[in-house]
Amino acid sequence: MRSKETERFAARIRALKDRAEISFEELARRTGISSSSLHRYCSGTKIPSGYGVVHTFAKACGANNEELRELHRLWALADASRSSLTAPDEIPTNVTDNEHLATSPASSADTPVPPQHPHRRRRLALATATVTVLTAIAAIVIASLNFIDGPDTSVVSGSGATARMRVFNIEERCRNRSDRVPGCSIGLAINPRLNYDAQNVVSHRVWHDDTLNADCVLYDGDEVTDEIGTKSTRWYRVQLNDVPRGHAWLSGIRTRDNPALPTCAL
């Protein structure tokens, strides 16, 4: 049985696909996601295990930044609902109904109390746990969204793990050079939501094949187009010791890596 959160999420991605007026086959070609998986996502029989798939789907359907943020919220709630509904049953089953009735102050010999079936108690406990988890997830998502229009005070919603990423320059002439000439350097952004230009880069420059430590990913930042027309709104927050905030942002267009990282709240 699908949860209401899953139904809302599926309805939203179906609406995006219908608005784009593209077939599942064409959407599969654009995203690299199998047509059968796309069918299951849109029908609500399957929820993507990571938001990156949702983002790719939505961008292929022409979603704007506001729609991406709302879709992220719906996916997080649906994912939490799935996790809660499939959680193992931890309610003890070795306690009998009579033991519960014996310790209840409301029960007596003159007022028989109808027995409560163990599976009914388990369903009630599981439903309560589900509501608690969904409430917590909603609070986290809403708190994250409150940072979107503010200054660059980003925090990470995740475990704090980092991943090493390699810088990639699409220009072959720069990839073939061993010297670090300024014309082949790549700028790192100060704020990934602002226009990526000379006023929005840190002093630290990077070159092709440099390695950086990233701790989170932002999916809906400023759109960047590389030298051959490829576009991306993905940004990775990378740790640096020689910039004021201790971090800067690498555009997803400047790397071929796609590590599993928590989503940045910005």
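Contact here means heavy atoms within 4.5 Å. This is a predicted model, in which local features need pLDDT of at least 70 and side-chain atom pairs count only at pLDDT 80 or more, while totals for chains, interfaces and linings use all residues. Residues are numbered from 1 along each chain as its sequence is written, and side-chain values use heavy atoms, with hydrogens and water left out.

**View 1. The chain as a whole.** Let's start with the overall picture. The secondary structure comes to 8 helices and 10 strands; these are DSSP runs numbered from the N terminus, helices being H or I with at least four residues and strands E with at least two. Of the 266 residues in the chain, 39% are buried (under 20% relative accessible area, with exposed over 50% and partly exposed in between; 1.4 Å probe, protein chains only). Among contacts between residues at least 6 apart in sequence, 64% join residues at least 24 apart.

**View 2. Helix 1 against helix 3.** Two packed helices are described by the angle between their axes and the distance between the axes. The axes of helix 1 (residues 4–20) and helix 3 come within 7 Å and cross at roughly 120 degrees. Axes are lines fitted to C-alpha atoms, for helices over the stretch in contact, and angles run from 0 to 180 degrees between N-to-C directions. Helix 1 and helix 3 are therefore oblique to each other (angles under 35 degrees count as roughly parallel, over 145 as roughly antiparallel, 65 to 115 as roughly perpendicular and the rest as oblique). From helix 1, Ala10, Ile13, Arg14 and Lys17 meet Tyr41, Cys42 and Ser43 of helix 3. By class, this contact has 4 nonpolar, 1 polar and 2 charged residues; Ala, Val, Leu, Ile, Met, Phe, Trp, Tyr, Cys and Pro count as nonpolar, Asp, Glu, Lys and Arg as charged, and the others, Gly among them, as polar.

**View 3. Helix 2 against helix 3.** Helix 2 (residues 24–31) packs on helix 3 (residues 35–43) at an angle of about 110 degrees, with the axes 9 Å apart. That makes helix 2 roughly perpendicular to helix 3. On the helix 2 side, Phe24, Glu25, Leu27, Ala28 and Thr31 meet Ser35, Leu38, His39 and Cys42 in helix 3. The residues of this contact divide into 5 nonpolar, 3 polar and 1 charged.

View 4. The whole structure holds 3 aromatic pairs (rings of Phe, Tyr and Trp, its six-membered ring, with centres within 6.5 Å; planes under 30 degrees apart count as stacked, over 60 as edge-to-face and the rest as tilted). The rings of Tyr51 and Trp75 have centres 6.0 Å apart and planes at 50 degrees, so this pair is tilted. Tyr51 lies in helix 4 (residues 51–60) and Trp75 in helix 5 (residues 65–85), so the pair ties together parts that are 24 residues apart in sequence. The rings of Tyr51 and Tyr219 have centres 5.1 Å apart and planes at 75 degrees, so that pair is edge-to-face. This second pair links distant parts of the chain, 168 residues apart, with Tyr219 in the loop between strand 5 (211–218) and strand 6 (224–225). Relative accessible area is 6% for the buried Tyr51, 11% for the buried Trp75 and 11% for the buried Tyr219.

**View 5. The surroundings of Met165.** Met165 lies in strand 2 (residues 163–166) and counts as buried, at 1% relative accessibility. Leaving aside neighbours within four places in sequence, Met165 is in contact with Asp210, Thr211, Leu212, Ala214, Tyr236, Thr255, Asp257 and Pro259. The C-alpha atoms of Met165 and Tyr236 are separated by 9.2 Å, and these residues are 71 apart along the chain.
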